[in-house]
Amino acid sequence: MSLKEKYEIVIGLEVHAELNTKTKIFCGCKNEFGAEANTYVCPNCLGLPGSLPVFNKQVLHHAVKAGLALNCTIAHKSKFDRKNYYYPDLPKAYQISQFDMPIAVKGYLDIVNKQGEKKRLGITRLHMEEDAGKLIHLTKTGQIADAEESLVDYNRGGVPLAEIVSEPDMRSSEDAYLYLSAVKAILKYTNVSDCNMEEGSLRCDANISIRPFGQEKLGVKVEVKNMNSFNNVRKAIDYEVERQMQMAEAGEAIIQETRLWDAGKAKTFSMRGKEGAHDYRYFPEPDLPILETSAEYINTIKAELPELPLQKAERFISQYGLPAYDAGVLTSEIPLADYFEKVAKLSAEPKLSSNWIMGDLLAKMNEAGEADIEKVKVTPEKLAKMLGLIKNATISGKIAKTVFEDMYATGNDPEQIVKEKGLVQITDTKAIEEVIDKVIAANPAIVAEIKGGKVQAMGFMTGQIMKESKGKANPQLVNELLKKKLGV
Amino acid sequence: MELYQQTIEELHKALTEKKIKPKDILDSVYQRVDAVDHKVKAYLLVTKELAYTMAATAEDRLMKNENVTELTGIPIGLKDNMCLEGVPTTCAAKMLAGYRPPYTATVLKKLTAAGAVFTGKLNMDEYAFGSSTENSSFFPTHNPWDLERVPGGSSGGSAAAVSADMCIASLGSDTGGSIKQPASLCSVTGFKPTYGRVSRYGLIAFASSLDQIGPMTKTVRDNAIMLKHIAGADENDSTSAAINIPNYLKDIKTDVKGLRIGLPEEYFIDGIQKEVKEAMQAAIEVYKKLGAQIVKVNLLHTDYAVDVYYVVAPAEASSNLARFDGVQYGLRDTAAQNMIDMYKRSRQQGFGKETKRRIMLGTYVLSSGYYEAYYKKAQKVRALIKQDFDEAFKKVDILLTPTSPTTSFKIGEKSGDPLTMYLSDIFTIAPNLAGLPGMSIPCGFDEKNLPIGMQLLAKPFGEQDIFNAANAFQYATDWHTRRPKI
């Protein structure tokens, strides 16, 4: 029995998403990434003596919207608490967060794997809190401990965060990956977060434990931090699970601790000493009143919710007959889904549209490092037009690849490309027959083989004919006519 | 009579009649400061340059008769825990020595808008922790009535300055009695408004759920003028209340016929100084003569108030003071070897003894395992204390109690014994936990000629009721007009 068959993996994720409000959560400073250090600050977000927090209602709007999209119950009464700890990036030495009365609780989201299987994962809570500043350590060795000086940039201090805590419902790193993708898709659909991991607007910590299959009690959990991409989350979980299984097999006790993922070394390391038993001394924030959220307000926000990723994917399956996997990929972001729908409608060829978008277009974008489909020169109209050319046999699928390449680079109209490059498909039987005759004449041995029963060699002949026609001959016609000529 | 001896009302009249200029008042006040502050030590910082600029602005307004308010040209002293942009604001704490805030507290903006003149920053107990001003990191303030005694605290500088005529009025702040108790010990009129009545923005926090800024003045009428100008909802303070502010002075009454005054039994106990008891009795007689109805009431949870306060207030303080860590501003020990060491050493050197005591106490009661037993339980009892008052105010309009169980004590007498010191605020703590408005007004002197004060309480946002009752008393008596001889 392999270890994976022996031990069940239990994973819960804590996702921190920066909310894309205009201003910070407790002051009027701009909430923007990338400005010069310490320019978006004020007495409030610097925690200067005498300053007081004032809650930004747009944060509530975004949190409620995200909570609803994650199928949570929104609390009519919620409050802020102080989480006390010392660190130079936290100017008040406490973080205003929500402890026992979060804004949203008891939600779920569904994930769909490559096989199209659906799984429901619980969400414990979503709460609002302020982000900390950013530390920059001036160090020659790269080690914080050797830093001669450390600088603090408080621009990020006070940026609103939604912390989303899942139930320990995930059973593999793949589940975790799909969960994160689903959370990201939902937060982007609802336009509450940019979810940009590079800019740190989406961060994730994982609680990982293992237990023998059949055991109800959860194993000792290890918290893994510092994973800065979805792929790293997957890798870190796999590493950590393997480490824990090896320990369990060796009879070693797994200790509850926080470990840091080191992407370079592809390992997790204990944060020994730093963590310990942290006592955050939570207590209700006396500077802010209880937050009351009316049913009416919640309903207004409910009405703002767009069609969510999974609903859209299900519609794509039923409306366009797409496979579950395609539907999942195409609905990961609204602009992509919109692009697909336009092409599918204009071309009336949904499956063909999906193939071209998921295959050629996304590959091309990936290659070019382009993340924004709206910036791509191949507009839905142009792609649909090209698909139309394939459909009416003006060009073959193969020729279309050439047309697409050109279109992606130049943004030119597909018909124009076909015309200018002389790529129109040859459907004239006579012209094709001429080519076939030429190829037959050039390959007597193979012709003999085919006639002798080795039908597989037909492929070679077709290839030669297509090559001779510079790819322009209609493949169906070539096949038909060749068969006729060789009498097979 | 010298200008420095006069009230806001009197000076305002003289200013608008163009008999005097703001500069004349300021000259007079600073002359007085120069003459007596070396004995009283109320001022931490005299802001002469700023004051004369403000006086010039006020004069301009008076000349043009534009934007003239009752406070235009009136010299006002400030407790040193209210931020004033560019002016050292220290909380009388070594940790913040030389700290110049980059912004101004809402109350000070309001006073500036009214045309007031800021004379300087007044001494206090470090971070407002104390009842004697002995906990100031810099020096103690002396009671103008007896220089060997304390002025009370924590707003001791604010009380002493008004009492010794070193400003016409001052601002103090009150958490457990820090305006009312020193007002009582120095014989001035001190008001702690309802929690939420005055913005706390820019007030360096002690205990956020209790802190409130209030005026300290020579008369009730001056106090009504001051409160009108500093009260009101503030978009920068989410705990400030958007409740209509009466025109206190215009609406003020001098008669109390039919007014129901409650005497809480629990506040007239053994251990109160004899003369204080007698002064209360005399005050009650004054009110009776004026036609008030005296009613006995009970506030059953009174005994727990000090205990509750010394859980809640230090808990909030421990968190509020965590920001003084040497990172951004204030004292930093540069010899520290690493980050943790920097925190430890900076805080060890920057904080005084009482501050450390309260931080430790607050940290303890918030610690996991103790939170339920102390902090949470204290909040429950706090709710019961508030309920007691709610019930009492169904039967009466005003509650009358002593402000402090004793008159002023000698410097050093209680500073070694924090528990005895904490009891100085035994009568002011409970109403503060309930967020009630409360005023201390002079009502007599003991055998040593030390002032006695009484506390008048009303229901939340019932400030006008207090002004009325207190004003009637000051009409009928002259305790408030007496000044110390220094």
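## Salt bridges between domains 1 and 2

A salt bridge here is a side-chain nitrogen of Lys or Arg within 4 Å of a carboxyl oxygen of Asp or Glu. With that rule in hand, let's look at this predicted model: two salt bridges are counted between domain 1 of chain A and domain 2 of chain A. E314(A) forms a salt bridge with K118(A), and their closest N and O atoms are 3.0 Å apart.

Two residue pairs are found in polar contact between domain 1 of chain A and domain 2 of chain A, both at pLDDT 80 or more.

On the side of domain 1 of chain A that touches domain 2 of chain A, β6 (104–112) and α3 (173–189) of chain A each supply at least two residues. The most comes from α3(A), with four residues. By class, this side of domain 1 of chain A has five nonpolar, four charged and two polar residues.

## The wider layout

Stepping back, the domain assignment divides chain A into domain 1 (3–301), domain 2 (307–420) and domain 3 (429–486). The C-alpha centres of domain 1 of chain A and domain 2 of chain A are 36 Å apart.

In this pairing, 11 residues of domain 1 of chain A are in contact with 13 residues of domain 2 of chain A. About 950 Å² is buried between the two domains, and carbon and sulfur atoms give 71% of that area. Of the area that domain 1 of chain A buries against domain 2 of chain A, 56% is supplied by K114(A), K118(A) and Y189(A), more than by any other three residues.

Key
Residues numbered from 1 in each chain as written. Chains lettered and ligands numbered in written order. Predicted model: local features only at pLDDT ≥ 70, side-chain atom pairs only at ≥ 80, totals over all residues. Heavy atoms only, no water. Domains from an automatic or database assignment. Contact = heavy atoms within 4.5 Å. Buried area = accessible area lost by both parts, 1.4 Å probe. Polar contact = N/O pair within 3.5 Å; in protein donor to acceptor, adjacent residues only side chain to side chain. Nonpolar A, V, L, I, M, F, W, Y, C, P; charged D, E, K, R; others polar.
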